[in-house]
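Let's take a quick tour of salt bridges in a protein model. Have the structure open and follow along as we go pair by pair.

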Amino acid sequence: MKKICLMAIIAFIVATFTVHAQDNTVLWKISGNGLKKDSYLLGTMHIMCEDDYILKDKIKNLIPQVDVVTFEVNLASEENKALIPEMMKPDTSFLKGLSQGELLKIDSILISQGLSVKMLEMMSPAVFVSILSLKSMNCSDPRNVKTMETDIQTLAASANKKIDDLETLKFQIDMLNSMFKASDLLKYLEKIDEMPAVSNKMVTAYKAENLKDLETVIYDSSYMSKEEQADFLTKRNNNWINKMPAKMTQSSHLFAVGAGHLVGNEGLLKLLTAKGYKLTPIL
């Protein structure tokens with residue numbers, strides 16, 4: 001009886017540790033379901049301050065082991081390079097439809113942040129919101145922000161790895177243009193004083209590789225509606241999950257996508273498991 005109790009306690013401790021450990025990694029091995037080679041899924045954080053940024057050895061060491069590195073979008077492709085100027089263009093109709101009071105409110109908030117609504121005459125709304133997001137991170141030197149995908153792509157190129165993607169830049173441009181409206185900008189600006197704290201929570205959760213905390217920040221602190229979250233995360237996850245099996249059958253891939261795509265009931269971790277793959281945390 002004592003041995004049974006001891007084994008039960010050990011099993012409980014192991015189970016508890018395993019659950020905790022699985023919550024604390026952004027890198028997962030994908031195996032089983034007939035795969036001849038293992039593939040991997042990495043949750044990235046697209047932009048980080050240089051002071052917070054680190055590309056861990058477990059990621060660097062993995063790149064030479066796979067055949068292909070696959071991003072959401074391959075910005076280095078000639079097709080996508082040609083589209084980048086299009087992505088930067090201002091949308092002259094973006095603010096139309098807002099009341100005079102709403103326009104004044106947007107302008108007032110931006111002025112308080114050292115910005116101006118006239119910036120929208122020089123760049124696309126998506127680029128403008130990226131600047132606002134970066135500002136919320138309070139980097140000591142915004143000129144030295146780091147992008148994980150850029151570093152991974154550089155390492156992949158050095159290792160002569162093929163680069164692939166899950167969607168086109170045109171798809172992303174069209175998606176952002178269709179779902180991000182002037183009313184969304186106003187919602188964001190109304191919460192702008194809260195955004196540094198939200199960004200700090202997100203960075204802290206990411207650095208700790210704590211997916212539960214990351215999921216809470218992403219879903220509870222978003223200025224997007226549930227419908228917009230579905231367009232931005234869920235629908236794209238389901239698009240990708242239909243492409244990933246064929247890619248993994250042909251080659252060993254490292255899929256590097258925003259960490260927000262890993263979490264949630266329709267995140268890639270659960271969708272891959274539902275398709276019969278084994279997901280193993282790389283700690």
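Start with Asp141 and Arg143, which form a salt bridge whose closest N and O atoms sit 3.0 Å apart. A salt bridge here is a side-chain nitrogen of Lys or Arg within 4 Å of a carboxyl oxygen of Asp or Glu. This is a predicted model, where local features need pLDDT of at least 70, side-chain atom pairs count only at pLDDT 80 or more, and totals for chains, interfaces and linings use all residues. Residues are numbered from 1 along each chain as its sequence is written, and side-chain values use heavy atoms, with hydrogens and water left out.

**The Asp141 pair**
- Asp141 is partly exposed at 23% relative accessibility, while Arg143 is exposed at 73%.
- For these labels, buried means under 20% relative accessible area, exposed means over 50%, and partly exposed is in between (1.4 Å probe, protein chains only).

**A buried pair**
- Asp164 and Lys247 meet through their side chains in a salt bridge, at 2.6 Å from N to O.
- Asp164 belongs to strand S4 (residues 162–165) and Lys247 to helix H11 (residues 226–250), so their bridge ties together parts that are 83 residues apart in sequence.
- Both Asp164 and Lys247 are buried.
- Helices (H or I, at least four residues) and strands (E, at least two) are DSSP runs, numbered from the N terminus.

**A pair within one helix**
- Lys170 and Asp174 form a salt bridge too, with the closest N and O atoms 2.7 Å apart.
- These two are four residues apart in helix H7 (residues 169–179), so about one helical turn separates Lys170 from Asp174.

**The wider picture**
- Lys56, Lys58 and Glu209 are linked in a salt-bridge network.
- The structure holds 13 salt bridges.
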